[in-house]
Amino acid sequence: YLNLKDTLLGMTDQEAMSAFNAVIEGHAVFVQDSLGTALGLDREVMEFARFLSAGVDPKKEDTGGDELQTYNRRYFQEVYLGGRKFIDAICQLHGRNRLWDVLENPPLRTSAISFPDTYTFGKQTPRLDLSPILMGMESRFGGGPWQVQQSDLGVMKLKALYGGMPAEKLDALLPQFIAVQGLAFGHPSAENPNGLSLFFMRDGSAVRDLIDSLETMGRENLKRASASGKALVKDIRIGDMQVPGADIARRLSFRVGTNENNMTNYAMYRVGFRSIMVEFEDTHLNLPEPRVAEIALEIRDRFIEFRRKQAAAGASGGPSTPTNPGTAAGKGAIDIRDEADLKAGLRHFGRNDYPAARDSLRQLLQRQPAHAHARFMMAVMAAREKNFGEAWKHIDIARRVSPGNEKIEAFIKRLKEVAPR
């Protein structure tokens, strides 16, 4: 049997704990739903699912209320209903007899919960730890004392944070995240901490898309907050800022409070350098833009040095993830294992050994859920085995990542003929 207490106590990584929590809670919901359906309690099963997702519709959420409460509602929906979808997908892909293997070898990252086909039993790539890059950055904002907390923002947390974004936009963005690290810091007397976050994306276009999407979501949130009557929002300003060497740099600022005599200045800065974005949330420091630019540039330089050391350690057989040093902060920072897994997948695919091909490609997709070639191959294999739902899932992701690709479009045309949606 599985000792949940010992398993949880043995985990020190917050992201791995979140993934395991989704597995066990999702399994509980899955068993409950299966039993309820077997007993003819379909209405009760649907009502419980509605209860678990209550309050997470962005059109109905009260943005003028408690943002932490909204985040928690969204996050626990991901834990329970997202975990349930993961368990259901494992059963569909591998059969119920593999569920104990999942519980004994839980996913290390929450990206596997959202993309179950990337989960590999016991063959998992450790997450990319960006915490050394932000270590000590609170000192750049003046004297303390500071209350400081770093956190790895995995896929489940990102889905909860960005739940106000249109679903199709969020679904397109999620596969583009490689790693996100957040640093929250503030004075003990401050109501809300400041935030400094580093986003490592697939490429520069993903960074621009992320910034545009977050800015649009911010505008909509401010509109709802103002319309709710619970918050007074004034002096909204959105525009460019000057950061040397940046591909894109944007600022959103406003004043918010309960009345004219109780207003707080708030600013959000987002700066993109190729495949990374630096985000600074200023809640009570009122930093000038040139100082924000200096901090963004320092984080960029720290990231480049971090990737250089990582690549050197990989080349010398060290413990870090091997990377191509020429792509640090560049177009995707490709992991050299990706090519090996893709070649292995192609080799097995050419021999019609689909199980082996999938094993190789799933290891690649665990690191890069948005890899268009791997998704295309997974779609082809699924279609040949008449698993058309799976084929559509993979090819939709491939098409979003590589729009206009002739092979992908030709495959979709044929798929529509045999399995129209």
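Colleague: Which residues lie nearest the centre of the second largest pocket?
Modeller: Those are E78, K85, K159, D171 and L174, out of 30 residues that line the second largest pocket. Keep in mind that this is a predicted model.

Colleague: How much space lies in there?
Modeller: The second largest pocket holds about 810 Å³.

Colleague: And which elements give two or more residues to its lining?
Modeller: They are α4 (67-94), α6 (111-114), α8 (155-161), α9 (167-173) and α15 (388-401). The largest share comes from α4, with 8 residues.

Colleague: How does the lining divide into nonpolar, polar and charged?
Modeller: There are 15 nonpolar, 4 polar and 11 charged residues in that lining.

Colleague: Change of topic: the largest nonpolar core. Which residues touch the most other members?
Modeller: L130, F141, L196, L198, F280 and I299 do, in a core of 33 residues. Two or more core residues come from each of α7 (131-134), β2 (177-186), β3 (194-201), β6 (262-273), β7 (276-282) and α11 (289-315). Of these, α11 gives the most, 8 residues.

Colleague: Which residues does the second core include?
Modeller: That core is separate and has 25 residues, among them F376, V380, I395 and I412.

Methods:
Residues are numbered from 1 along each chain as its sequence is written. This is a predicted model: local features need pLDDT of at least 70, side-chain atom pairs count only at pLDDT 80 or more; totals for chains, interfaces and linings use all residues. Side-chain values use heavy atoms; hydrogens and water are left out. A nonpolar core is a set of buried Ala, Val, Leu, Ile, Met, Phe, Trp, Tyr and Cys residues joined through side-chain atoms within 4.5 Å. Buried means under 20% relative accessible area, exposed over 50%, partly exposed in between (1.4 Å probe, protein chains only). Helices (H or I, at least four residues) and strands (E, at least two) are DSSP runs, numbered from the N terminus. On a 1 Å grid over the protein atoms alone, a cavity is a set of points where a 1.4 Å probe fits but cannot get out, and a pocket is an open set with protein on both sides within 12 Å along at least five of seven lines; lining residues have an atom within 4 Å of a point. Grid points are joined across faces, edges and corners, and a volume is the space filled by probe spheres set on the points. Ala, Val, Leu, Ile, Met, Phe, Trp, Tyr, Cys and Pro count as nonpolar, Asp, Glu, Lys and Arg as charged, and the others, Gly among them, as polar.
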